[in-house]
Amino acid sequence: MALDGLVISNLKKDCQEHLTGGRIYKIYQPESDELTLIIKNNRATYRLLLSANASLPLVYLTTTAKNNPVQAPNFCMLLRKHIQNGRITRIEQPGFERILIFTIEHLNDLGDLCQKKLIIEIMGKHSNIIFVDNQNQIIDSIKHISAQISSVREVLPGRTYYLPPSQGKISPFKADLNYFTETIFQKPVSVCKAIYTSITGISPLIANELCYRAGIDGNDAISSLSDEQTARLYGEFVRLVSQIEQGAFEPNILLHKEEPIEFSSIRLTSYPNCRTEVYSSISEVLQSYYSMKDKITRIRQKSADLRKIISTSLERATKKYDIQMKQLKDTEKREKYRIYGELLNTYGYHAQPEAKSITCFNYYTNEEITIPLDPTNSALDNAKKYFARYNKLKRTYEALSSLTLETKQEVEHLESINNALQIALDEEDLVELKEELMEFGYIKRRKGNQKKTKFRSKPLHYISSDGYHMYVGKNNYQNESLTFQFATGNDWWFHAKQMAGSHVIVKVPNGEELPDQTFEEAGRLAAYYSKGKSNPKVEIDYTQKKHLKKTPGGKPGFVIYHTNYSLMSEPDIRQIEKVD
């Protein structure tokens, strides 16, 4: 995630389109390092957020309003005095830096037209919002930077404003083939690093993308590149600069398993396994990206206890099942001991005193068999011992046959809850999962809280290319409700074969014939929302709802079916339309 020069250039373009000529109607400072400007332009109202937060500096047009302090801070009051009701006449990005300069015209106390500049620098922990006059003298800043803090540049009232040092980089609009040949291609570092340490506004993300497009490993040393590779790399850079100059931005977010990974203003082809979600503006991208990030972080924090409970219970149940299966395998010898006992009762009188074995005819297989004997006991006593072993193993087998089935069902149930936890999107989903864990004894229900929680979470909703509505259960309770309450007899049901996963229901009005494309897309949903979502292909069972039955006494969401079809599906849902 990089708020680089490319993204800032995209923001400049959006701000120019919406804010140039606009009047600053209100100014707020909700945080010590953050401003919100309310701007009216062309009968529309815009909310511009400027944040110099050290950990998350941002600038974008937002629709979200924050609570403001009762008494405005001094910096906010200063801005209100000078530029409230002023007009934004120009928006610049000097040298493709991570800087936006808003030039504002306003009337002073004498009614004369004046110019001021509001500058936001997106520089990580050095981010700042600086207010200067038309002579580039700093009036004030949201953060004061003295010589004790920075020996490079002071940012204090009365000082002249200078752009931050370029650190030896040049603007991408000035980086020609000669610069690439004599500077970038001469650096003793990796290809990727050579690019982003030489060109202003190019982040490691964009440098890696350029390398990928040129068919080069960005971690390779510059010195290892052939003439053909350097030519391809420069060609890709020229194409990128041309795209920036034309303002041909494509704001997007990269998602991996519904989690936002990166955002950019150009297509990132270097992430082939991620889904790209395109937005109409870079402001929407930033607002959505950080909102999703915050939501996922919050969900992970809130679900930490549930994850630990499920992980511990699943590990315990799996170990228990493995031990039981080993014990069950050991009981396979029981029939051998029964046959030994029966043959000794039949032929034992032929055994010699103190013999260690006896060879006799096995009338079960019509072959000779050698039976080991305890020489201290008679053949009859040996037969009794073999029958005793047989009966013990038989009892063990009968007990384990039901126990292993119960343990296997417990493992499958916990895996289904764990799968549901992976796709939980909000706190309501966690409430349902916690309720299920309480119902089956993995979490103790508090005294005085014996009532079941009312569920508000809804299944995921998609529409196929052919216009059919497809629903995906996010947990076992939703799976149960979707399949046995929501679905009707001719609706189609999809589920990953023999693994934890969501039920997918395709509604079929009036018993219509479902198109092949919808079958394929429903299968992809079932594969994606299953334990096998990281596999290249997942086998999917599908059948009509009328062929499904609940498992007698089974856990919620578990079904039985004997009539079904199968298909192999890729867990890829990038082209399937999701309904909010």
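This is a predicted model: local features need pLDDT of at least 70, side-chain atom pairs count only at pLDDT 80 or more; totals for chains, interfaces and linings use all residues.
Biologist: How are two packed helices described?

Modeller: By the angle between their axes and the distance between the axes. Here helix H8 (residues 304–330) packs with helix H10 (residues 379–422) at about 155 degrees, their axes 8 Å apart. Angles over 145 degrees count as roughly antiparallel, so H8 and H10 are roughly antiparallel.

Biologist: What is a salt bridge, and how many are there?

Modeller: It is a side-chain nitrogen of Lys or Arg within 4 Å of a carboxyl oxygen of Asp or Glu. The count comes to 23. In one, Glu 121 meets Arg 153 at 2.7 Å, N to O. Glu 121 lies in strand E7 (residues 113–121), 32 residues from Arg 153.

Biologist: Is Glu 121 buried or exposed?

Modeller: Buried means under 20% relative accessible area, exposed over 50%, partly exposed in between (1.4 Å probe, protein chains only). Glu 121 has 1%, so it is buried. Arg 153, at 16%, is buried too.

Biologist: Which residue does Glu 209 pair with?

Modeller: Arg 213, with the closest N and O atoms 2.8 Å apart. Glu 209 is buried at 1%, whereas Arg 213 is partly exposed at 28%. Both sit in helix H5 (residues 204–213), 4 residues apart, so about one helical turn separates them.

Conventions:
Residues are numbered from 1 along each chain as its sequence is written. Side-chain values use heavy atoms; hydrogens and water are left out. Axes are lines fitted to C-alpha atoms, for helices over the stretch in contact, and angles run from 0 to 180 degrees between N-to-C directions. Helices (H or I, at least four residues) and strands (E, at least two) are DSSP runs, numbered from the N terminus. Angles under 35 degrees count as roughly parallel, over 145 as roughly antiparallel, 65 to 115 as roughly perpendicular and the rest as oblique.
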